[in-house]
Amino acid sequence: MSTGVITKIAGPLVVASGMRDANMFDVVRVSDSRLIGEIIEMRGDRASIQVYEETSGIKTGEPVESTEEPLSVELGPGLIKGIFDGIQRPLEKIKEIAGNNLTRGIEVPALDRDAVWHFEPCVKPGDRVIGGDVIGTVKETDVVLHKIMVPPTVSGTVSEIAAGEYKITEKIGSLKTDSGSDYELTLMQKWPVRRGRPYAKKISPDIPLVTGQRVVDALFPIAKGGVAAIPGPFGSGKTVTQHQLAKWAEADIVVYIGCGERGNEMTDVLNEFPELIDPHTGRSLMERTVLIANTSDMPVAAREASIYTGITIAEYFRDMGYSVALMADSTSRWAEALREMSGRLEEMPGEEGYPAYLGSRLAQFYERAGRVISLGSDEREGALSVIGAVSPPGGDISEPVSQATLRIVKVFWGLDSALAYKRHFPAINWLTSYSNYADSLGKWFNDNVNPEWTALRGRIMALLSDEASLDEIVKLVGMDALSPSDRLKMEAARSIREDFLHQLAFHEVDTYTSLNKQYCMMKLVIKYYDESIAALGNGANINEIVALPVREAIGRFKYVPEENVNDEFKKISDDLAYQLKVAESNKEEY
């Protein structure tokens with residue numbers, strides 16, 4: 001075991017000499033307080049260590065001891081409903097032991113060693129297994145069936161395995177490996193956080209991650225296994241948007257990383273998630289959620305590790321064949337931690353002081369998302385979708401973190417403070433946002449929802465774009481200066497904004513909209529526009545068309561319960577046709 005002594009301390013950065021036998025990214029125990037750290041630079045026998053705990057009070061000359069293992073997470077039953085810090089220390093367990101404040105140097109295993117789980121095998125002695133094969137299951141919560149897998153690097157023949165009640169470190173069976181040695185199977189495995197878990201192959205992201213949020217699904221969809229960014233200034237609704245996605249997205253497992261967020265905001269998450277009722281199961285959302293809480297007052301180095309801890313846990317559930325949604329809130333705080341550690345290492349700074357490798361580190365994180373065929377004999381398909389919030393200072397997305405993120409992600413949901421101040425939520429700006437998945441997912445929407453879906457989306461985007469152009473004229477000379485057809489275009493766009501894109505997160509019906517209902521809403525607005533243009537051509541008056549009573553019904557269609565959608569859609573369509581016919585017959589009066 002490699003040991004050394006402290007020669008320099010600079011905040012969370014500690015330099016130790018005598019570490020020639022240690023390796024990059026080894027976890028070390030620093031000083032007599034046994035603080036957790038990780039080697040991030042080696043120069044001769046001098047190791048630079050980022051310490052994941054407060055370093056005040058430690059002195060030069062104190063010992064540093066390498067564990068000779070990289071920073072790893074424990075993967076097994078007990079993750080779901082867990083609340084961990086950035087290096088997977090269980091916060092609730094620590095509270096029981098040490099009270100409300102994190103104690104330095106405390107050594108608590110990530111997964112509860114005393115909890116007993118009922119294991120049910122699905123293989124038998126004599127069966128040949130390879131890395132990734134499922135050997136049995138544990139009912140972790142009422143919602144999640146935890147699949148116990150052979151570690152990716154192991155293969156062989158099952159020599160013994162038995163059902164029963166086990167703790168996670170107890171032997172559940174053994175393998176005779178291909179090299180002839182015996183390998184003991186337990187409910188738990190470990191994996192280094194900075195190395196992506198392997199898979200058989202990546203497959204094309206051509207199935208949408210349905211969220212029930214209209215502006216997302218209809219205009220800027222994300223694929224299962226896709227990556228998205230939500231940049232926005234303070235108060236624009238990033239956290240509420242992520243809560244909505246966590247609650248309603250078609251994901252089996254949710255991993256939420258609070259990376260450097262304010263303590264009170266993380267407290268809200270910790271209080272709200274257990275109370276949120278999962279619409280898919282009718283039970284608490286926490287029964288399929290893992291929380292990583294690393295607030296802004298926690299040591300900055302642990303913030304850098306937190307997103308790797310979170311995504312490794314997410315990959316583990318992906319390998320079971322689940323669809324996983326990972327929320328990282330916010331990657332800007334993670335980048336700030338990277339900048340601070342880079343400055344203490346005296347590296348050459350890049351733009352705005354961020355390290356030159358900011359873009360590549362962000363890419364390494366986001367590239368671990370994807371829709372994959374997992375390792376193993378049975379070809380399970382899993383997906384890991386990553387949605388990262390970005391908090392640019394002053395909402396300026398020209399800053400380096402936002403720009404580096406935009407080069408990587410395929411979906412950009414740009415939050416706009418002006419929309420938020422107008423109480424338009426979600427405050428996603430339809431003129432600056434985009435989705436590179438829209439075309440590839442179009443075929444799925446056309447095949448599974450309605451053949452008109454892609455065409456309707458294109459029409460709606462065009463109307464919103466035309467409204468932005470006409471808005472400049474209206475500001476100069478007023479609405480009355482527009483031609484009847486342009487005025488109708490403005491009315492249709494207003495209907496799209498206020499009736500379709502505006503969605504109430506706290507309304508029992510409007511909080512979630514099925515794809516069929518979204519199609520009906522788009523169809524009604526476009527139907528109103530197209531048939532009104534035809535009525536204008538037949539001599540109807542623009543004022544009467546704008547004031548049609550049916551427009552109120554179109555606006556309130558979002559509050560129609562799902563079971564009544566098709567009947568209400570037909571009724572409104574018939575009313576629209578009738579009222580426009582009446583408007584045309586009144587043309588002689590004008």
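**Notebook: strands, a patch and a helix**

I began at strand β19 and found two bridges joining it to strand β25 (residues 411-412), the two running parallel. I noted that this is a predicted model.

Next I checked the pairing of β19 with strand β24 (residues 381-390). I counted five bridges, again with the strands parallel. Here Val227 stands opposite Val386 of β24.

Then I asked: is β19 mostly covered or mostly open? Mostly covered: five of the five residues in β19 (227-231) are buried. I sorted the side chains by direction. Val227, Ala229 and Pro231 point one way, and Ala228 and Ile230 point the other way. Both sets are buried.

**Open sheet**

I moved to a sheet of four strands. It is open, its order is β10-β13-β15-β16, and the pairing is antiparallel. Which strands are at the edges? They are β10 (128-129) and β16 (182-185), each of which pairs on one side only. I followed β10 to its partner, strand β13 (residues 156-161), and found two bridges in the antiparallel sense. Arg128 has Thr157 as its bridge partner in β13. A reminder to myself: strands of a sheet pair through backbone hydrogen bonds, either parallel or antiparallel.

**Surface patch**

I looked for nonpolar side chains on the outside. Ile473, Leu476 and Val477 form a nonpolar patch on the surface, and together they have about 320 Å² of accessible area. I placed Val477 in helix α11 (residues 453-477). Why does Val477 count as exposed? Its relative accessibility is 55%, and the cut-off for exposed is over 50%.

**Helix α13**

I checked the length of α13 (residues 515-537). At 1.5 Å a residue, its 23 residues should span 33 Å. The end C-alpha atoms are 33 Å apart, so the two values agree. Just after α13, I found Gly539 with a positive phi of about 100 degrees.

**Whole chain**

I finished with totals. The protein chain holds 16 helices and 26 strands. Its C-alpha trace spans about 95 × 55 × 40 Å along the principal axes. Of its 590 residues, 56% count as buried. The accessible surface comes to about 24,100 Å², and carbon and sulfur atoms supply 50% of that. I also looked up contacts in the chain with a separation of 6 or more: residues 24 or more positions apart account for 70% of them.

Note on methods: Residues are numbered from 1 along each chain as its sequence is written. This is a predicted model: local features need pLDDT of at least 70, side-chain atom pairs count only at pLDDT 80 or more; totals for chains, interfaces and linings use all residues. Side-chain values use heavy atoms; hydrogens and water are left out. Buried means under 20% relative accessible area, exposed over 50%, partly exposed in between (1.4 Å probe, protein chains only). Two strands pair if DSSP finds at least two bridges between them. Patches are made of residues with over 30% relative accessible area and no salt bridge: like charges are joined within 9 Å, nonpolar side chains (Val, Leu, Ile, Met, Phe, Trp, Tyr) within 5 Å. Accessible areas come from the Shrake-Rupley method with a 1.4 Å probe; for residues, only the protein chains shown count as cover. A salt bridge is a side-chain nitrogen of Lys or Arg within 4 Å of a carboxyl oxygen of Asp or Glu. The expected span of a helix is 1.5 Å times one less than its number of residues. Contact means heavy atoms within 4.5 Å.
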